[in-house]
Amino acid sequence: MKKVIAIIGSGMMGSALAFPAAENGHEVRLVGTHLDRDIIDECRRSNKHPKFDRAFPVGVKYYQIEEYREAVAGADFVIGGVSSFGVDWFLNEILVNLDPRLPVLSVTKGLINLEDGTLISYPDYWRSELKKRGVDREVCAVGGPCTSYELVFHDQTEVAFCGRDTVSLRLFKETLSTSYYHISLTHDVIGLESAVALKNAYALAVAMTIGLVNRHHGADAGLHYNSQAGAFYQAVKEMRRLLKIQQATEDCENIGIGDLYVTVYGGRTRRIGILLGEGKSYSEAMDILAGVTLESLVVARRVAKAIYRKAELGQVSLQDFPMLVHANDVLDNGKDAELPWETFTFDHTAN
């Protein structure tokens with residue numbers, strides 16, 4: 001049966017989901033936020049998102065933010081397509097005004113650190129804040145190794161949808177599954193959301209090794225994998241420790257590792273990691289990437305802050321997270337990107 005899907009936020013990932021939805025014969029209403037006016041204007045003019053090479057399929061309509069009520073009227077569900085910088089905007093401008101019975105699926109990746117070092121997911125943050133306003137709503141979310149432009153390209157993609165509402169999860173999967181977009185379902189919201197958020201901080205550190213090779217041997221030195229693999233191994237080790245704290249299931253842990261892989265090899269986090277590895281300061285790298293949304297930096301700082309707090313409370317040891325500490329020092333304390341390799345080694349030979 002034909003469905004109507006309203007996507008609020010015309011960033012790359014939210015917009016990419018218009019492709020499987022429309023290709024399955026559903027009507028898609030793509031709504032730009034107040035920051036997306038030029039994107040929606042371009043979509044209306046050319047039927048293409050300015051960041052994608054392919055035109056949208058038949059069945060996609062475009063709306064400016066002032067028209068969002070029209071877009072959600074009669075919709076079967078809403079997809080939240082904002083970045084982590086729009087979490088509170090989405091809460092205050094959209095979620096509080098939607099019918100609580102209307103299912104919502106979010107593509108926003110990230111975590112929020114509480115005063116005691118606890119890390120919570122955006123769906124749980126929204127749920128808690130909405131309850132304070134007398135609104136009882138669950139928000140489901142997307143996680144997994146998926147870059148938007150490759151989804152648009154129809155590259156084979158494995159993701160998971162998480163949430164407490166089984167009926168909604170199955171609705172989302174039925175509507176969006178295609179021959180190239182494959183969806184697992186889980187009730188482990190904090191596990192999946194933690195896995196796909198944590199990988200941002202660690203992909204940044206792994207990508208630094210690429211820049212370090214450029215710095216020491218020149219950009220024409222070719223690809224070198226020993227350092228990338230060593231850093232990847234350490235990243236996985238620390239991610240697993242953090243995900244154990246988050247009580248993530250094994251499947252969600254594995255999805256996070258897959259997401260770490262794709263983020264190291266493509267995307268915005270790779271770009272800033274390489275620049276830092278090449279010896280650029282944080283401010284210099286940000287100047288070079290002016291206008292690029294870098295959610296990975298938000299995640300890296302929040303996770304580091306949470307772990308520092310847990311260490312103060314005696315709940316963890318910072319020695320178990322040398323890569324995370326290093327990434328935070330590079331971002332906030334001006335430390336050189338050279339990784340502390342010896343801190344990654346272990347000795348299990350003691351009697």
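**View 1. Arg 301 over Tyr 282.** In this predicted model, the charged end of Arg 301 sits over the ring of Tyr 282, 4.9 Å from its centre (a charge sits over a ring if NZ of Lys or CZ of Arg is within 6 Å of the ring centre and within 35 degrees of the ring normal). Local features need pLDDT of at least 70 and side-chain atom pairs count only at pLDDT 80 or more, whereas totals for chains, interfaces and linings use all residues. Residues are numbered from 1 along each chain as its sequence is written, and side-chain values use heavy atoms, with hydrogens and water left out.

**View 2. The aromatic pair of Phe 77 and Phe 172.** The whole structure holds 9 aromatic pairs (rings of Phe, Tyr and Trp, the last by its six-membered ring, with centres within 6.5 Å; planes under 30 degrees apart are stacked, over 60 edge-to-face and the rest tilted). Phe 77 and Phe 172 pair edge-to-face, at 4.9 Å centre to centre with 70 degrees between the planes. Because Phe 77 belongs to strand 4 (residues 77–80) and Phe 172 to helix 8 (residues 166–176), the pair ties together parts 95 residues apart in sequence (helices, H or I of at least four residues, and strands, E of at least two, are DSSP runs numbered from the N terminus). Both Phe 77 and Phe 172 are buried, that is, under 20% relative accessible area with a 1.4 Å probe and protein chains only.

**View 3. Helix 11.** Helix 11 (residues 250–265) has 16 residues and reaches 23 Å from its first C-alpha to its last, close to the 22 Å expected at 1.5 Å a residue (1.5 Å times one less than the number of residues). Its buried residues include Cys 252, Ile 255 and Leu 260, and just after the helix Gly 267 takes a positive phi of about 110 degrees.

Note on methods:
Buried < 20%, exposed > 50% of the residue type's maximum accessible area, 1.4 Å probe, protein only.
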